[in-house]
Amino acid sequence: MTGRTLAYLAGIPVQQVKGLSGKRGADLAEAGVKTVADLLMHVPRRYIDRSTKVDLNAVPVGEEVTVLATVQNVSTRRPRRNLTIVEAQLSDGTATVKAVWFNQGFRARQLSEGAEVALSGKVERFRGRLQMKSPAVDVLQSGGESLVTGRVVPIHPGVGAAGPGYLRRAMHNALARSRPIADPLPADMVARLGLGARDTAFGSIHFPDALDDVAPARTRLAFDEFFRLEVALALTKRWNASQSVGIRHQTDGSVLDEFIGALPYTLTGAQVRVMEEIRRDLAGPEPMHRLLQGEVGSGKTVVAVASLLVGVQGGYQGAVMAPTEVLAEQHFRGIADLLDLAGMTPDAWPDPRGMVSLFEAAKTEGSHHEVRLALLTSNSARANFKDSITRPELLELVAAGEVDIVVGTHALIQEGVNFDQLGVAVVDEQHRFGVHQRVKLKEKGDAADPDLLIMTATPIPRTLSMTLYGDLDVSILDELPPGRIAINTWAVGGSDPELERVYRVVREEVAAGRQGYVVCPLVEDSPKVEASSAVAEHARLSRVFSDMAVGLLHGQMSPRDKDEAMAAFRDGKLDLLVATTVIEVGIDIPNAAIMVIEDADRFGLSQLHQLRGRVGRGKHQSQCVLIADPTTEEGKARIAAMVATTDGFRLAEEDLRIRGQGTVFGARQSGLSDLRVADILRDAETLIAARREAFALIDDDPSLDRHPAIRDEVRALLGDAVEWLFIS
């Protein structure tokens with residue numbers, strides 16, 4: 001391997017590149033282009049082909065061309081204030097052309113009579129003569145290289161004070177000083193995959209000789225980017241397997257059988273398949289690291305509780321960690337109801353409101369197993385075995401092993417929270433947790449590491465899961481319970497006639513005995529944001545539907561008030577529930593048949609899909625109404641996608657297409673770099689190949705001792721996020 005490595009170039013600040021000192025370099029660094037390596041991966045967003053040179057007497061009118069000509073004369077005039085016109089007459093010996101520039105006075109200084117120049121732009125006919133308006137121009141000098149005429153011109157994305165022109169010149173300088181760029185990949189891999197040389201790829205993507213050179217260059221650099229990420233993920237997976245001490249759980253037991261047998265419905269084929277995959281992991285000698293993906297309403301919570309009970313029946317504790325207190329409280333209530341349904345609730349379970357199960361079934365008689373469940377967050381401590389409990393009391397019971405399952409937030413991995421024997425941990429909405437948080441949660445185990453099940457209610461495109469969660473095994477719940485009726489989704493604007501149409505449909509649903517939700521983006525009115533607030537909308541809709549019972553639910557209410565509002569809605573005492581996104585997950589009311597989402601364009605696509613999933617859970621045809629007047633193309637695209645499909649995985653792909661991959665890693669994976677060249681959807685096949693090669697390489701060379709250049713590049717370009725792998 002010869003040349004300068006990317007690891008070496010990652011140690012050179014971008015400010016050392018000619019033209020990028022001062023403000024321009026500072027703006028680039030702030031945007032994440034901090035080193036020369038970062039700069040080389042700041043690839044053009046488009047290209048202008050100015051490589052075709054033609055004689056003036058044969059020039060095609062109206063097309064982008066480059067002509068070489070001699071300046072005959074130059075003049076400047078100022079017909080009015082704030083307008084300067086520079087005109088030049090040029091000839092190539094076959095014909096003449098007039099070039100005109102507006103408010104570019106420097107052109108008069110740049111051009112002189114007799115100078116040889118290259119002009120690039122469109123040639124037009126004006127009053128029978130050839131003319132070019134504001135063409136790009138290079139004064140030709142022997143030994144010089146034009147960057148804007150007579151070639152394919154790259155247009156790099158501007159960053160602050162570093163515009164495309166500055167970046168083009170700086171990139172040319174950086175490449176000249178960096179090349180040849182070393183290739184760390186094994187030669188046989190490059191040949192087998194048909195990848196071009198890395199040095200050639202960098203040269204061709206920034207300054208291609210022809211447009212056809214761009215695609216293979218981009219493919220090579222996209223492969224390199226994916227390969228680095230997949231090497232890090234393969235190292236993570238191998239490290240987890242080699243350094244962890246697992247628990248061989250007893251997966252066949254009466255506790256689990258009793259729970260499944262008490263459910264008032266038959267598990268779907270997907271649930272049975274996924275539970276079998278999880279059982280095999282739990283029975284094995286290595287800790288489970290599995291991602292559970294599931295469509296809205298596919299039954300993830302049942303699978304998660306079953307997994308926790310495998311640990312409980314063997315004498316281990318379980319933990320469920322959610323990203324917010326609201327979601328943690330919903331998980332606590334949902335799991336409590338499932339346990340109550342199976343007759344596994346301790347006799348002391350307080351239920352002063354007489355709430356019925358979410359599944360409206362009676363408690364199973366004759367249970368011999370009681371599962372002690374608790375909620376522990378920064379502000380709450382609750383239990384299903386004690387009417388009132390303080391946080392210190394609950395911490396003591398958890399540490400003593402007298403609580404079977406603990407539901408909480410980040411509080412579960414803080415100092416002062418200790419388990420007796422943590423056996424199974426469930427992390428919900430993994431995209432809000434990083435690798436280090438997962439490691440800290442695992443460290444809450446005793447001598448052995450707990451098995452880890454990561455749940456997400458947001459369907460993830462396969463290619464995205466391969467980059468975000470490539471160190472995990474993946475299970476997918478891709479089947480809904482039988483009898484589900486597709487939700488009818490439609491969109492309206494905010495005009496009075498359109499709103500009256502929505503209200504008419506709501507009245508019809510309530511008159512038929514059904515219930516509905518109205519979701520608002522805000523809790524309180526904000527003078528800075530023009531969007532409906534739940535509090536104000538509750539007051540208004542209480543007047544609009546004066547003959548109905550209209551309730552209110554939002555995250556700033558006390559836990560008791562929230563429970564009472566949900567209990568009233570669940571028991572049919574409320575016709576309409578005005579809420580914020582607090583109802584996004586964990587709410588299962590079969591009688592709710594209409595969902596109205598106000599200012600729908602203010603929600604993300606996955607969030608809209610989750611909200612829609614709160615209806616359509618019973619035997620009645622359900623509807624989702626999106627009220628929106630989107631002002632951006634992205635907002636219009638989200639609304640159109642929601643109306644077009646109810647398939648969560650299709651929506652996930654569409655969401656990725658609409659928003660772009662953006663910060664694919666970032667805080668979600670503790671700082672792993674954004675993808676700069678590769679595109680997860682466009683380069684799916686390249687990603688698959690990179691993953692296959694990376695995992696094969698790590699299987700063959702687990703410590704990368706025989707591939708030190710790859711090791712150095714992964715460490716240098718992915719930074720602190722992977723440093724722990726190499727230290728470990």
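These notebook entries record what I looked up in a predicted model of one protein chain.

**Confidence.** I began with the pLDDT, which averages 85 over the protein chain, with 88% of the residues scoring at least 70.

**Largest nonpolar core.** I turned next to the largest nonpolar core, which has 44 residues; F259, L309, M344, L373, I405 and V407 touch the most other members. I listed the elements that each supply at least two residues of this core, including helix 9 (254–262), helix 12 (325–341) and strand 13 (405–408). Helix 11 gives the most, with 9 residues. For L309 I looked up the contacts beyond four places in sequence: V255, L256, F259, L339, M344, V371 and I405. Apart from this core I recorded another, of 34 residues, with I12, L40, A162 and M171 among them.

**A600.** I located A600 in the loop between strand 21 (592–598) and helix 19 (605–612). I class A600 as buried because its relative accessible area is 0%, against a cut-off of under 20%. Leaving out residues up to four places away in sequence, I found that A600 touches L608, L626, I627, A628 and I639. I also checked C520, which is 80 residues from A600 in sequence and 8.4 Å away in space, C-alpha to C-alpha.

Notes. Residues are numbered from 1 along each chain as its sequence is written. This is a predicted model: local features need pLDDT of at least 70, side-chain atom pairs count only at pLDDT 80 or more; totals for chains, interfaces and linings use all residues. Side-chain values use heavy atoms; hydrogens and water are left out. pLDDT is the predictor's confidence in each residue, from 0 to 100. Helices (H or I, at least four residues) and strands (E, at least two) are DSSP runs, numbered from the N terminus. Buried means under 20% relative accessible area, exposed over 50%, partly exposed in between (1.4 Å probe, protein chains only). Contact means heavy atoms within 4.5 Å. A nonpolar core is a set of buried Ala, Val, Leu, Ile, Met, Phe, Trp, Tyr and Cys residues joined through side-chain atoms within 4.5 Å.
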